Amino acid sequence: MKIGQVTLASPFVVAPMAGMTDTAFRRLVKRQGGCGLVVTEMVSSEGLVRGIDRTLEYAEYTEEERPVSIQIFGRDPATMAAAAQIVEGMGADIVDVNMGCPVAKIARHSAGCSLMRQPEHAASVIEAMALAVKIPVTVKMRAGWNDGARNAPTLARMVQDAGAAAVTIHGRTAEQSYSGLADWDLVARVASELTIPVLGSGDCIEPEQVIGRMEAGVSGVLVGRGVLRNPWILAQAADLAAGRPPRVVTLRERGQFLCDYIELLLNERVDEGEGFRHFAPRGTADGPVEIARGRDRWVINKIRALCAWYSKGLEGGSHLRTRVNSAASLAELHDIVDEFFFAVPAAV
Ligand SMILES: Cc1cc2nc3c(=O)[nH]c(=O)nc-3n(C[C@H](O)[C@H](O)[C@H](O)COP(=O)(O)O)c2cc1C
């Protein structure tokens, strides 16, 4: 599959998830195989342009993750175009525009899914960006703002005409947030009407569902919460696509994933080779990139956030969640992981 000039080795994509899909997590998912593209957490276009935002690290990525799409949000065409140039300057493969975020803090600024309420303006944002950069500009939108305005088919065509190289549809409205089910019929309709690749997103928890959704005629599938529960889901979907049974993941492998994640988080920016990590440029007022940041506490919080999803479907998962949430130190966290995942015979 190709998005503009960027070739994806697999149509299965790690969906952007703020607070969850940091570079360490994306690298680990990528290592399992089957993943054709990763998308960063959303980053503010204004923050990128000013170079002074606390959230600039969301745009960071590493060479191991390529191809990489950096997702930005904002509403002003000139600022979004300038931010796209910064993303291009960072060496990212794709710049993605968030038109799906329903969170009030973002929507209040007429960014995220609010852009879907102003289709002409949304298209003008994409046009300005597409004129400003050579890398593909893509859009991730929802079905619409609410049930009375399910305008994804119209807006998708408009952004295609404005120069978008691909569109992803999460088949829920902003008002639905995450309730109900994603409308894959709508996704299929958009896919049949556009000439650029259309990808779908929503409710793929099992690898069989990822494969099943490809039959809707989409060019690719983004998996969000399913990856947080099961980071092997894309690899398992690739197994199925190749006619193999999906790989079996042992409890020990699940435990090792958590240990590897802790290790990668602890060593972020430590002894990394020149050119491995790509940073958003910072204004001088912000000083150099911070190296240590109460790292243990930060890592514990990251593992807690992941375990809220990762523990789902595991026998004794709620007990694991409770224990992880009460871990006061990394040593305690390691003990909990050891006990839960490794205190069983290796064959299990
Ligand atoms: C915790 C969380 C954070 C998310 N953050 C973003 C985001 O930053 N940008 C975005 O476009 N979508 C975001 N999403 C939406 C997902 O990318 C995805 O479209 C949605 O969760 C539906 O797919 P799923 O059912 O596979 O999770 C987020 C979803 C979750 C659960």
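## Burial and overall form

Of the 348 residues in the chain, 54% are buried, where buried means under 20% relative accessible area, exposed over 50%, and partly exposed in between (1.4 Å probe, protein chains only). The model is a predicted one, in which local features need pLDDT of at least 70, side-chain atom pairs count only at pLDDT 80 or more, and totals for chains, interfaces and linings use all residues. Residues are numbered from 1 along each chain as its sequence is written, and side-chain values use heavy atoms, with hydrogens and water left out.

The chain holds 14 helices and 13 strands; these are DSSP runs (helices H or I, at least four residues; strands E, at least two), numbered from the N terminus. Its radius of gyration is 20 Å, close to the 20 Å that the globule rule gives for 348 residues, so the chain is as compact as a globular protein of that length. That radius is taken over C-alpha atoms, and the globule rule is 2.2 Å times the number of residues to the power 0.38. Along the principal axes, the C-alpha atoms fill a box of roughly 60 × 50 × 35 Å.

## Contacts and surface

Among contacts (heavy atoms within 4.5 Å) between residues at least 6 apart in sequence, 72% join residues at least 24 apart. The chain exposes about 14400 Å², of which carbon and sulfur atoms supply 52%; accessible areas come from the Shrake-Rupley method with a 1.4 Å probe, and for residues only the protein chains shown count as cover.

## Helix α3

Helix α3 comprises the 13 residues 77-89, which at 1.5 Å a residue should span 18 Å; its end C-alpha atoms are 18 Å apart, in agreement. The expected span is 1.5 Å times one less than the number of residues in the helix.

The buried residues of α3 are Thr 79, Met 80, Ala 81, Ala 83, Ala 84, Ile 86 and Val 87. Their cover includes α2 (45-50), β7 (68-73), β8 (94-99) and α5 (119-132). Just after α3, Gly 91 takes a positive phi of about 85°.

## Two contrasting residues

Gln 236 lies in helix α10 (residues 233-241) and counts as buried, at 8% relative accessibility. Leaving aside residues up to four places away in sequence, Gln 236 touches Pro 207, Asn 230, Pro 246, Arg 247 and Val 249. A polar atom of the Gln 236 side chain lies 2.9 Å from the backbone oxygen of Arg 247.

Asp 161 belongs to helix α6 (residues 152-161) and is exposed, with a relative accessible area of 64%. The C-alpha atoms of Asp 161 and Asp 239 are separated by 36 Å, with the two residues 78 apart along the chain.

Notes
Polar contact = N/O pair within 3.5 Å; in protein donor to acceptor, adjacent residues only side chain to side chain.
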